[in-house]
Amino acid sequence: MIDESRLYSFLDRESNFTVHFLDGQKLIHDLAIIHDVKSQGFAYFRDSILTAQNLISLLKSGEGLGLFLDSNDPYFKLKIEMNFAGRMRTLLMPEDFNTFPEKITGTCRLSKIFPNNPSPYTSVIELNNVSFHQVVNQILQESYQLKADIHLSDDSDQSVMIQQLPKDNIDKEESEDTQISTKEYWIKHQKHIQSLFSESTTEQGKIQGHFESLGFTYLGSKLVEFKCNCSRERMVRSISSLCMSAGIDDVFENKNDLEAKCDYCKTYYLITKDEIINTPH
């Protein structure tokens with residue numbers, strides 16, 4: 001049995017970096033069951049999830065984040081939604097997407113949701129022949145103004161984000177000259193982190209102990225899991241709204257019921273025309 005996926009956070013006081021380690025093996029396993037994406041398409045889907053989920057470490061209590069990628073070349077749509085609690089949901093369209101694009105041309109929309117605020121912060125990044133990994137690093141640099149990099153494992157469904165922290169109460173020019181860069185930091189610790197990748201372990205004790213053996217301070221961890229908030233009631237309301245604009249006979253195609261599917265968790269709901277007629281508007 002695979003342990004639940006977790007996002008671990010550590011502090012390297014000596015180098016003034018935080019390290020966020022995502023063990024996403026259970027998460028990717030669950031998504032493989034839900035989504036009927038095959039071969040190269042799923043490999044791309046897997047890399048996208050393992051890269052994007054590190055952004056959870058940047059959220060505060062009550063906050064949520066949506067990453068919406070609309071690619072024109074090649075054509076596909078990818079949605080990844082996550083929140084501070086570690087719950088996420090995602091979809092990739094078309095469902096039979098079967099390629100691993102090295103470069104993407106299109107747009108990426110980042111939408112951050114704040115508690116008690118109905119208006120999310122939204123930023124749009126134009127993509128011109130760039131990789132998804134570059135997109136997330138661009139989000140880190142432009143939207144969050146961070147010096148951070150994300151690295152994926154070749155051996156397991158795991159990834160790591162290294163983030164340089166600002167130094168306090170020192171001369172800015174001196175700080176830039178003396179503080180190690182994210183590239184230099186990765187070169188310094190690449191061997192140790194990749195050795196953990198190669199173990200493919202999901203055990204919390206082993207992962208935590210590995211980084212503590214490097215002198216890092218354990219800050220905590222949280223579960224990362226797929227969680228869809230769809231329900232029969234929500235689906236009925238959605239179909240009812242569609243019927244108000246398109247007409248109930250057209251939506252039901254003159255039948256007495258229809259089968260609606262959630263795009264995120266692929267759950268099917270049998271909705272009857274009588275349910276829609278009796279739904280309060």
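Predicted model: local features only at pLDDT ≥ 70, side-chain atom pairs only at ≥ 80, totals over all residues.
Student: I would like to begin with strand 9, so how many of the residues of strand 9 are buried?

Tutor: Seven of the seven residues of strand 9, which covers residues 158-164, are buried, so this strand is largely enclosed by the rest of the structure.

Student: Which way do the side chains of strand 9 point?

Tutor: The general idea is that in a regular strand the side chains alternate between the two faces of the sheet. Here Gln158, Val160, Ile162 and Gln164 point one way from strand 9, while Ser159, Met161 and Gln163 point the other way, and all are buried.

Student: Which strands pair with strand 9, and in what sense?

Tutor: In general, strands of a sheet pair through backbone hydrogen bonds, and they may do so in parallel or antiparallel fashion. Strand 2, residues 17-23, pairs with strand 9 in the antiparallel sense over seven bridges, and Phe17 stands opposite Gln164 of strand 9. Strand 8, residues 147-152, also runs antiparallel to strand 9 and is joined to it by six bridges, with Asp149 opposite Ile162. Strand 8 and strand 9 form a hairpin, with five residues between them.

Student: Is Phe17 buried or exposed, and what is Phe17 in contact with beyond its neighbours in sequence?

Tutor: Phe17, which is found in strand 2, is buried, with a relative accessible area of 0%. Leaving aside neighbours within four places in sequence, Phe17 is in contact with several residues, including Phe10, Leu11, Ile162, Gln163, Ile180 and Tyr185. Phe17 and Ile162 are 145 residues apart in sequence, yet their C-alpha atoms are 6.8 Å apart in space.

Student: In what order do the six strands of the open sheet stand?

Tutor: The six strands stand in the order 7-6-3-4-5-11, and the pairing among them is mixed. Strand 7 (121-130) and strand 11 (225-226) are at the edges, each with a single partner strand, so one side of each has no neighbour in the sheet. Strand 5, residues 87-93, pairs with strand 11 in the parallel sense over two bridges, and Arg87 stands opposite Glu225 of strand 11.

Student: At what angle do the axes of helix 1 and helix 2 cross, and which residues make the contact?

Tutor: The axes of helix 1, residues 25-34, and helix 2 come within 11 Å and cross at roughly 140 degrees. The two helices are therefore oblique to each other, and helix 1 passes helix 2 in a right-handed crossing. Leu27, Ile28, Leu31 and Ala32 of helix 1 make the contact with Phe42, Phe45, Arg46, Ile49 and Leu50 of helix 2.

Conventions: Residues numbered from 1 in each chain as written. Heavy atoms only, no water. Buried < 20%, exposed > 50% of the residue type's maximum accessible area, 1.4 Å probe, protein only. Helix = DSSP H or I, 4+ residues; strand = E, 2+ residues; numbered from the N terminus. Pairing = 2+ DSSP bridges. Contact = heavy atoms within 4.5 Å. Axes fitted to C-alpha atoms, helices over the stretch in contact; angles between N-to-C directions. Parallel < 35°, antiparallel > 145°, perpendicular 65-115°, else oblique. Left-handed = near helix turned anticlockwise from the far one by under 90°.
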